Amino acid sequence: MKKVMMGNHAVSWGVKLARTEVIAAYPITPQTQVVEALSEMCSSGELAARFIKVESEHSAMAACIGASATGARAFTATSSQGLALMHEVLHWAGGGRLPIVMANVNRALAPAWNVWTDQNDSLSQRDTGWIQLYCESNQEVLDTTIQAFKLAEAVDLPVMVVLDAFYLSHTSEPVDIPDQEAVDAFLPRRVARVKMDVNDPRSFGALATPAVYMEMRLRQQEAMELARVTYDEIVEEWGGMFGRRNGAIESYHAEGAEILLVTSGTITSTSRHVVNELRARGEKVGLVKVKMFRPFPTEALRVALAGVPHVAVLDRNISPGHGGIFAEEIRSALYDLAPERRPRVHGYIVGLGGRDVTPAVIEDCLARTRAAAGAGNTPEREDLWVGVKS
Amino acid sequence: MSQIQIKDQIPTGELMSSGHFACPGCGGSLAMRLVLKGLGPKTMVALPACCWTIVAGPWPQSSVNIPLYHSPFETAAAVASGIRAALDMQGDQETTVLAWAGDGGTFDIGLQALSGAAERNENILYVCYDNEAYMNTGIQRSSATPWGAWTTTTPAGHPEARPKKDILAIMAAHRIPYAATASVAYPVDLIRKVEKARAIRGTRFLHVIAPCPPGWKTSDDETIELARMAVLTKIFPLMEVEDGQTWRFSMEHPGDPVEPYIKRQGRFSHLGPREIGQIQLDVDARWKMLERRVEMGI
Amino acid sequence: MPEKRPDSEMVHGVPEVAVSSTTTMANRTGSWKYTRPVFQDMVAPCNATCAIGVDIEGTMNLVREGRLVEARELLLRENPMPATTGRICDHPCESSCNRKSFDQPVAVHSVERMLGDLALEDPLPAAVVRIRTGKAAVIGSGPAGLACAYHLVRMGYEVSVFEGDEEPGGTLRYRVPEFQLPRVVLDREIERMRALGVDIRCGVRLGRQLTWKYLERFDTVFLATGAHRSRALGVEGENLPGIQYGLDFLHEVGAGRAPEIGARVVVVGGDSVALDCARTALRLGAEVQLVFWGECEKLAADPAEVLEAEREGVEILYQTVPLAIRGSEQMAEEGAREPANTISAGISGAPTGMPMGLECIRMTLEKPDGYGGDPIPAEDGRQVLSAQTVIIAMGEEPDFDLLPLDLKHDQVRVAVDELGRTSKSAVFAGGGIVEEPHTIAHALGSGKRAAIGMDLYMRERAGEKVEAPSLAGLRYGRVGNFSITRYRGDDPVRRTGEVNEVAGVERINMAHFAPMPRRVERRMKPSDREGFEEVNLGLTQKEAVAEATRCFNCGTCNQCEMCLIFCPDVAITRREGDKKFSISYKYCKGCGVCAVECPRGAISMTREGL
């Protein structure tokens, strides 16, 4: 069944189809519609879930922790400040190995107040132990939401499904809604490995001394590594059932490219358009979309980018004092490649606080990359801010 | 029988084990032991940061024979809400979800989550064991610290300058079905309240005074005596509030003078007769207010 | 939770999710402690002050638990005549009762009386099998003699008691009036002793029918001839006719003979003998005044009995000192009022008695509004009390005329050690002839001590190698009397290790008790008191059992479980089966809460590792 819907509602539909059992959420623009729709679904009985209307995002995540620890499939959605408020509890979900799924609508952080998109909110949570999946379209949002539960429960790690504010959250697109039966077959009810159970009383998360804490973190890391493989399998399974495969990364017109753009989120769609136009003009330009940020698809990116002379990474985020976060991660992923196969990585800071990343902005980035290449293949020492007033 | 015999009124089951890491004479440990006697094994607990984080035992140990979730400091009520929701989805209405927090986690950092849960009337039992300061971190004042008390952040030269927060009134103001106070010196009353709370649906709040020998600067063996004196002096009256409206005293409070209670505790040793007189006046004034609440229902 | 559970998912030594798999029982938190609680029964102050040496607290505990049969067995171990002592003992146990600091002392005597009366209804016991070869003679069947004989018989000896009077009981029969102690009670208690095997021969007085030569056939002799020689008042006119001495007067009444008294009787004295004389004279039909030199509270008698005497109509003149006794001639000279007609004395006496008077002076305190000061004669305090009979009750002393010459004694007492041993080998003494207060309790207690002494003596004499017991260990506390139970070592009540120290009031946690008024015994209305019927009707069994529940059980665990309930470390448990309490020192941190919360001080904190 196809339906035209906003990205936010695609999340809601995914949550419903996943037969989520406990939802705890707090309103924040531009996420609010996710939980509004879920409220409707719960009150109409379409979705048999307990919806806890908590008094903060912090409590939303805390309630999800309680529910997930007790064996329930738990979900919340948030954005920006709300995600920042959750920060402590995100660690708890990650360290506690709880398969919670959260949708985060990328929104810039205050001050100054801003409700539009950029990725600093989710990327600030890089080290909380969450899997992060960045979506490009409403269809991908819906598909990824369902996949996220499967992934989370397979590896006992929480998953954050990320979508751009307004470009996805509030933009209507046709979305193919999978049949419930098919989704049920793909994602059976959760069977917790261990849970709060009066018939098997145990404590969870007790004090761990230096003698054991490190091993617990090692197991978390191993689960993250497992998640890479597991996600590939899940994408394959989903693809086999529904025909759509949105893997950890995706290469687009990368064959023989001299410059590869690396993008995430909706900038990818705009970049596809730019690449199409440039390819039509015979320029050897391609694109690699990064969907999975944690665990970082290091090996896949090395394969995709090795031997390409120049890589231009578009970052809708900034780690102040350093640079674009994707660019940094990609540079370190490629560092071990043999020098002759190691691309020159050019970083560009674009579209912060919801500023439009138009084809012109992307072409500007490519032009700068070409210029830098012509000047002796040396990338700028610092990532360049593109589309800013001088 | 002239001796107040209580053994027949105390459930014999033990859900707490020995070997826990509480300080000798810990009121908070006894509080848990008694509360669990009232609740029985069909109980799950959300445990935020507090002394009990340690008392519950380091991994891989647990000092309680019920499921226990170690939770962030400010999240007891929220985590408990989530546990409750999951149990609801599993059709388990029998298990009691207990949030077990200290005064810091209740009066201060956890108040928001507690207020949220209470306002939603989450079907949980929230117990605050109150030792009147941040004891696990080494005795810093909380908003449950009484006026005049020394802590490491309210040194004797500038002791606690504000009265203890009236958490019972705050909880009553949420119009929850049941809120009460209890003391480890009155186990029958405490367990009766726990059993009563257990049978009620909705948010139930129990505020238990739990003396702390290291934090109060008292001997290890004085815990129960102090918990008793706190009640008898009306400093910590035993009360119940139903639906936020019907206030009731749980027993006759003789109103013993506060001075012996104050004088026994090192944390008040810097106080002179004038300050102790002031505490007495405050206790008397608060008592009048409580009496009005009991009379009128506020 | 099982102590250890398998976790199949362990990798790197940790599970996937940080869940617990064991309890905290592996932590030996008991190693933290520097003090250690010990269940240690102490001695209740009542036990320590009981001159008989009764385990009062243990008895109360058994009564509280409704174990009345065991309670009277325990009582009868130490006290041969609880129905008697429940009536007439001056019960110092109650004066020392810790409960007096809370509300009122426990009415121990009422409970004892109830048990004693129950025991009267029991079938008579079978005779004790004689397992010892020794033979003992007891001279005097007063409480000391009876107690000695009773304990010896129960130890398996053959005992003969020789009584000079016509019937056994000594002072209990010939000094205590029947309205205090009905003869049926005394008779039944003596009957029980006889049933056990105590051989009592009456009308056999030492020095007359009984010779020292005859006594040589016994291995040992207990002298308990009592103190029945009255002390003189020491004033002018004491030799006038119409003067009687208290003990003689009571002896005559006790023997069923009617002493001759006038219609107006003045008793001089300040103890229970004086009081009993006054009340007896009253019952014989006289108007009675009692002259006592001290204030009311100085009167050496149970205040309740003083009150009863006054209610019955005895006029007590306090702070009044007798100066002289005037004959009728003098009375006439001094213009004293003609005394009332002589009456026939109650029982059989013919009207006798000359009008006479007791001249005395009322005293007042030097500083009447202040405290203390010496008593001085009051202005206009001189008065003459007219009477036909003056009874002098100035105390009593023993009669040593018949004792062997080589027995060390002074004018008033035979020297004995704590086992009743006199200076003469094989001869023991107790009761009114040794140095101790002349009370029934002391008499019963001294008889018991001598029985222990005589047991040791006879066993040694029989060639047994006797290890002398620690006498201090036999005492309740430091100064209490010996306990037969401790001597024999088969205590049925103590549940924990004992320490022979008295549990003072500071060891009682009053918070665990609720006020409960002391049960008051019913007494016959003064207007209904006729003749020598018993005045004090005692408590009902139900009331007495309820009274026993007022007992704090000072110093002794009565299984209230407060320690267990208040332990923050779950370190106190009761064993399956015998329900004994045990403290797990592996986990006990030594906080001491149990010791403080023990209502009765039965847990002591001891230094750890020292």
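In chain C, 27 residues of domain 1 are in contact with 28 residues of domain 2. The model is predicted.

**Domains of chain C**

**Cavities**
- The count comes to eight cavities of 30 Å³ or more.
- The largest cavity has a volume of about 150 Å³.
- Its lining has 18 residues; C:Cys50, C:Ile56, C:Cys93, C:Val108 and C:Glu112 are the closest to its centre.
- Helices H2 (56-64), H5 (92-95) and H6 (108-121) of chain C each give two or more residues to the lining of the largest cavity. H6(C) gives the most, with four residues.
- By class, the lining of the largest cavity has 13 nonpolar, four polar and one charged residues.
- The second largest cavity holds about 110 Å³ of space.
- Of the 15 residues lining the second largest cavity, C:Cys46, C:Cys97, C:Val106, C:Cys551 and C:Cys554 lie nearest its centre.
- Helix H1 (45-49) and H2 of chain C give two or more residues each to the lining of the second largest cavity. H2(C) gives the most, three residues.
- The lining of the second largest cavity divides into 12 nonpolar, two polar and one charged.

**Second largest pocket**
- The second largest pocket has a volume of about 960 Å³.
- The lining of this pocket has 41 residues, with A:His91, A:Gly95, A:Tyr213, A:Arg217 and A:Gln220 nearest the centre.
- Two or more residues each come from helix H5 (87-95) and helix H9 (210-242) of chain A and from strand E3 (68-70) of chain B. H9(A) has the largest share, nine residues.
- The pocket lining holds 19 nonpolar, 12 polar and 10 charged residues.
- Domain 1 (2-242) and domain 2 (249-385) of chain A both contribute to the lining, so the second largest pocket lies between them.

**Sheet in chain A**
- Seven strands of chain A form an open sheet with mixed pairing, in the order E3-E2-E4-E5-E7-E6-E13.
- Strand E3 (50-53) and strand E13 (292-294) of chain A are the edge strands.
- From one strand to the next, the twist averages 20 degrees.
- Strands E6 (131-134) and E7 (159-164) of chain A pair in the parallel sense over four bridges. A:Leu133 stands opposite A:Val161 in E7(A).
- Helix H3 (76-89) of chain B packs on the sheet and touches strand E2 (22-25) and E3 of chain A. The direction of this helix makes about 160 degrees with that of E3(A).

Note on methods: Residues are numbered from 1 along each chain as its sequence is written. Chains are lettered from A and ligands numbered from 1 in the order in which they are written. This is a predicted model: local features need pLDDT of at least 70, side-chain atom pairs count only at pLDDT 80 or more; totals for chains, interfaces and linings use all residues. Side-chain values use heavy atoms; hydrogens and water are left out. On a 1 Å grid over the protein atoms alone, a cavity is a set of points where a 1.4 Å probe fits but cannot get out, and a pocket is an open set with protein on both sides within 12 Å along at least five of seven lines; lining residues have an atom within 4 Å of a point. Grid points are joined across faces, edges and corners, and a volume is the space filled by probe spheres set on the points. Ala, Val, Leu, Ile, Met, Phe, Trp, Tyr, Cys and Pro count as nonpolar, Asp, Glu, Lys and Arg as charged, and the others, Gly among them, as polar. Domain bounds come from an automatic or database domain assignment. Two strands pair if DSSP finds at least two bridges between them. Axes are lines fitted to C-alpha atoms, for helices over the stretch in contact, and angles run from 0 to 180 degrees between N-to-C directions. Contact means heavy atoms within 4.5 Å.
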